[in-house]
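Let's take a walk through this one together. Have the sequence and the 3D view handy as you read.

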Amino acid sequence: MNDENTVIDAQVAKVNTPAGDDIILDFRNVTKTFPGVVALRDVSLQIKRGEIHGICGENGAGKSTLMKILSGVYPWGTYEGQVFIEGQELRLESSSIRQAIEAGIAIVYQELTLVPGITVGENIFLGKEPLERGVINWDKLYADTQRLLEEYKLDIHPQALVKNLGVGKMQMTEIAKALSENARILILDEPTSALAEAEIEKLMEILRTLKEHGVTCIYISHKLNEFFAITDTITVLRDGRVITTQPTRNLTVEKLVSYMVGREMTERFPESHRQPGEVVLEVEDLHAVDPEEPSREVLKGVSFNLRKGEVLGIAGLMGSGRTELAMTLFGEYGKITRGTVKLEGRPISPKSSRDAMMHGLSLVPEDRKRHGLVLIQSILRNISLPNLDRFATWYKIDDNAELKASRTFAQSLAIKAPHLNVQCNTLSGGNQQKVVISKWLMSNPKVLIMDDPTRGIDVGAKYEIYKLINDLTAQGIAIIMISSDLEEVLGMSNRVMVMHAGRSAGTLDITEATQERVMALATGIA
Amino acid sequence: MNTTSNNVSVQGVIANLAKQFRANIQTYAIIVAMIFIWILFAIATGGRYLSAQNVSNLIRQMTVTSFLAVGMVLVIVTGGIDLSVGKVAGFVSVIVAQFQANIWNKILPGQELLTTILSVVVGLGIGTLVGAIQGYIISYLAVPSFIVTLGAQWAFNGGILIVTQGKTIPANQPLFSWIGQGYLKPIAGWVVALGVIVLLFYTMFNSRQKKRRYGFELSPLYMDVLKTALYSVLILVYVVVVNSFNGVSIPVLLLAISAVVMAYVSNNTRFGRYAYAIGGNREAARLSGVNIKKNVFSIFVVMGLLCGVSGVVLASYIGYGTVAAGQGYELDAIASCILGGTSTLGGEGTVFGAMVGALIMASLTNGLQILNVPSSWQYVVKGIVLILAVYTDVYFKKNR
């Protein structure tokens, strides 16, 4: 073993004294191996009662493996080492979520796990409904829900249908559900990846309330600034090892990033020398309605133009119409009622994604698992899917040409996989996103719309995507980049268009754009 | 470039075979299960099960429902289901029988070749038309396939009763009967078999040649030769066995052609690729420019065409149009697909697998019949085997 390890071992030895009363969760020398891979290497980690403990690391660093040990996905006996909860060893049987809950552990996953068609109260008490002579006592159920929600200051109506809630409130429901199980340890796995700025703020408040109530939180995220806003302690994992555990106040973003990637990362965004050319896309006073519900106007006047080889950032809160704009331009959602879209001076009105592709538009969608990929298919099949026309004679697909072209893109985007027949659901988030980008680049777009292209992917992979964006603009592709991450918008764009309530609230040149000005426009106060 | 093929070692061969096996474990598992069933029945029947006559019969018996299974794979792959196929095939069979028995002799007397061809055209036409109507309602009017095809099942059950008036319609004219009951002469069987084998080797070498031109790494030559040789041996064994009885059966030949065409279509055409993408993730397929409505519609048209083929063969095979025509065939077809590894969630499944699944079902039925197991117990056994097979698959997937 090398020097670095000896240092870490020494640190571990120091904290690995018999657990004091204030230690609620204690991993001792946990090692988890899969055939050919060591996912966790002698991990020792202690979580203090009542603290908010951030765990960060790149994808594949071992965060989810660690959580899967807590939830019983990897039961006791399939890993080496021990896990103690309040001094008691945790011995979960295979996939026993029930047992994990009884041990006081609750996990709020990245993907929400509520039943959409029933109410908040029913969801919270699902599987443990209060009974009276064998029949559900609805009054008690809703009264208890009300009490729970009030206690933790969660602003949701107990009888609201979950499917009518926004993502933020669904998450609150999920947290309330965990609390109703008397969870002592609440694990939040990338809770903010789907939330807008204002909702994140709300979540932070809730976490502070929970802390006052003595609930211990483990907070996993890719958004580093959140760690500094909320956590008391941060543990960094890398390649299955604990690199460091430190009080948050001793850390800085730069230090944290360097722990995560193992090198000093001076720049979050790669340098670019873009020289925007002539205008490719002009959108003027675009109005569109929800095709399912024609009375609901989703775009209420959006105007902007886009130049060859530039990145136009689009910022805005959830529900500001960002994604609706992307989908409408791509011909797949809004019904245009007014306004024009001109591509290279000619008016177009895409009726379907195929239509949009023919005009030279491509869309990397917001939700890559739902909209971007056929997860059960191979990388090859995914990359070629929108591009089969070019490989087909009137009936037959030339599979050699297909493989060759797909390989070229997979290589130039550095997709990490042994071969292209690997199923996409085994890839990391960053690699999945590269597959989505590959498939759209192959269609040779003039305008590439990217809706939250770095959502849920790790710092290293983000950097690669940024570099890729710069390469594409150098080739003359015009890029629209929608993002929830303000720093990303400001770091990558030539100009920033801010949306508010279905309108373009303003377009700022990057030299005049600041976080404050963007937020002011986005919230409608400017 | 292909150094591996230059130094063939025993360990290398075994390692490659093992790799091949692991990559297609599902397919091979089901083939192993089938061989196991054969051995079991061969022992139980004292060898009678594997006699030339029985093998010939067994494979011929599976053809009518297997046409339906060939089409059903793509329907299930796109995430749909077709419960009407049995009754549609039955409906086609009674219509064709009606033409054979009561119509052609009035309008085209003495024209046997022409009327047989017309019967086939009418049968395929009706099947395709029914498929198109159902496909239109399912894709363009957005009514779930389960509902549409359930309704169609009832409607065509009624149609069968209307056409037959509850009576049996004879369709036993010699030329027409040849479609479902005929055999190739032994020499013709050999010619077809050799032709296919030459084609297999040609395709293999041709594909290697093309890959080399693109500069791709090739799998070792002996692996490809071994694989092609294995298929060739299977074809030869089949022809040897059936030639010692009656010869290659016409419906089996028709089934082989349908299956090969559909397997090709599902892998090598946009239509097939889109079907798998739609079943794997409908939204992603839509955003990738796939015209989902058109594709789903086309799949039901193809399904209808295959119902037509199945119906014509059915009428010819049993020589009658009957009230019970096609009863329960849809479930056999669906079971064959599922046994062959088609996922009910969509996105996964192969025609080849469905054919192996159909062969397993036929092998079971036939074996139980030889053992004189009452038909009531045959159903019980088949039901248990289906559930057991899918459970095994689930178990292995979970514990991989």
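Predicted model: local features only at pLDDT ≥ 70, side-chain atom pairs only at ≥ 80, totals over all residues.

Where chain A and chain B come together, 36 residues from chain A and 27 residues from chain B take part in the contact. Between them the chains bury about 2700 Å², with 51% of it on carbon and sulfur atoms.

You'll find four salt bridges between the chains, and one to click on joins the side chains of A:Arg407 and B:Glu217, at 3.3 Å from N to O. Residue pairs in polar contact across the two chains come to 14. On the chain A side, several helices each supply at least two residues, among them α13 (379–384) and α16 (429–442). The one that gives the most is α15(A), with six residues. Sorted by type, this side of chain A has 17 nonpolar, seven polar and twelve charged residues.

Now for the strand. Five of the five residues of β9 (185–189) in chain A are buried, so the rest of the structure largely encloses this strand. In a regular strand, side chains alternate between the two faces of the sheet. Here A:Ile185, A:Ile187 and A:Asp189 point one way, while A:Leu186 and A:Leu188 point the other.

What does β9(A) pair with? Strand β6 (residues 105–108) of chain A pairs with β9(A) in the parallel sense over four bridges, with A:Ala106 partnered by A:Leu186. Strand β10 (residues 216–220) of chain A also runs parallel to β9(A), over five bridges, and there A:Asp189 has A:Ile220 as its bridge partner.

Definitions and conventions: Residues numbered from 1 in each chain as written. Chains lettered and ligands numbered in written order. Heavy atoms only, no water. Contact = heavy atoms within 4.5 Å. Buried area = accessible area lost by both parts, 1.4 Å probe. Polar contact = N/O pair within 3.5 Å; in protein donor to acceptor, adjacent residues only side chain to side chain. Nonpolar A, V, L, I, M, F, W, Y, C, P; charged D, E, K, R; others polar. Buried < 20%, exposed > 50% of the residue type's maximum accessible area, 1.4 Å probe, protein only. Pairing = 2+ DSSP bridges.
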